[in-house]
Amino acid sequence: MSGFEYKKGALHAEQVNLADIAKEIGTPFYCYSKSEIEQRFAQLQSAFADLNPLIAYAMKANSNQAIISLLGKAGAGADIVSLGELERANAAGIVANKIIFSGVGKSEKEMSRALELGIHCFNLESVPELERLNKVANKMGVIAPVSVRINPDVDAKTHAKISTGKFDNKFGIPYIDAKTVFEKIKNSANLKAIGLDMHIGSQIINLEPYNEAISLLAGLFSELNENGHSLEHIDIGGGLGISHGNNEPIVDLLEYAKIVRSHIAPLNCKLILEPGRWLVGNAGVLITKVEYIKQGAGKDFVIVNAAMNDLLRPTLYEAHHDILPLTKTKDNSQTILADVVGPICESGDYLAQKRNLNSLKQDDLIAIMNAGAYGAVMAGTYNSRPLIAEVLVKDDKFEIIRKRQTIAELIALDDVPSWI
Ligand SMILES: *Cc1c(COP(=O)(O)O)cnc(C)c1O
């Protein structure tokens, strides 16, 4: 079940007609389904029920306070990558001992604030980071709980820009150096090693790379503990792919859980998951309006009022998003071959290329599907386009969870020095 379905020819989010939201708040806007997010979270919990994992939502996928709060209420922790995300998680009421701090560039300020709040664990990515954290913890007179992000050198078989588990990526510590690094942690008075972690990429469809990488981590876990360390958990990161349409296969969650279980259950250790996209990706859409249909040579351009500054994924990752009309026309036989593009002055500004779409006309509304993850969070204001609104639907109600930025607010962010 998806939170988005046609009812009497009109695309709905749960019981709300998306065209009604457009009428009330204008376009473009993101719309999310509360029940879809909750159902995904419950599915994940149930697939791993016997292992009772900490599910630390990778909030960079969608960090709206409403989304983090609802996942927090459902029992999720948070995987964070910045001070901003730490403060967001804290403000949303996520308890500190469910927060995992990932990322290659943690600053002193980020470390001290995370220590002050008492987070579950820092996922260390380098030796200089380890040394800095030891110093910061020492100054504060506390012990920092740490895990080491292992780079397993596996190919996640996903897009190059979201592949993170090979030796030539900036992430993690090569598995061949793990023992040396854990010795260094042991000799650091203000660090305590509690786990191992990995995150090999995003939008992973093929489960074999997980099998390979988790197997490597499990072996390392046993070896380290036999050598006198006392690690408690393995954190297998996120990355599980979803279907963005285009007949992309859907990964089998139970198959994924089975692979994880086969390596983790025998170790009797705690399991941590860091899903982002899988929880929220299918639970959001971007609604936009057709401004013009422009006839080109061999294909048409559907020019809409959303653009790459609102949804960067097609431009950045060549990502596919299905596109659906908000109103199903009676005659679905007529299709056009078109690029769906925004108004921005860049050839890279497109939301879809070479699509067969049901014929569209000016002022029609369309939905860019499966845009709940890495959509709104990557938005910018290029071409002085204000940030767009975000809406959350629950049953037959909707609420604005981020109001549309006004042009006046955008301009007010700048200052003109008196000497100009
Ligand atoms: C981005 C990220 C995730 C989440 O990735 P998804 O593909 O959205 O599941 C998890 N862990 C880390 C360390 C990340 O950087």
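This tour moves from the domains of the protein to its ligand site.

The model is predicted: local features need pLDDT of at least 70 and side-chain atom pairs count only at pLDDT 80 or more, whereas totals for chains, interfaces and linings use all residues. Residues are numbered from 1 along each chain as its sequence is written, and side-chain values use heavy atoms, with hydrogens and water left out.

Begin by colouring domain 1 (4-31 + 283-411) and domain 2 (34-280) separately; these bounds come from an automatic or database domain assignment. The centres of the two domains, taken over C-alpha atoms, are 32 Å apart. To display their contact (heavy atoms within 4.5 Å), select 22 residues from domain 1 and 23 residues from domain 2.

Now show the polar contacts, which are pairs of N or O atoms within 3.5 Å. At Y374, a side-chain N or O atom is 2.5 Å from an oxygen atom of the ligand. At K60, a polar side-chain atom lies 2.7 Å from a ligand oxygen atom. At G276, select the backbone: one of its N or O atoms lies 2.9 Å from an oxygen atom of the ligand.

Technical notes: Polar contact = N/O pair within 3.5 Å; in protein donor to acceptor, adjacent residues only side chain to side chain.
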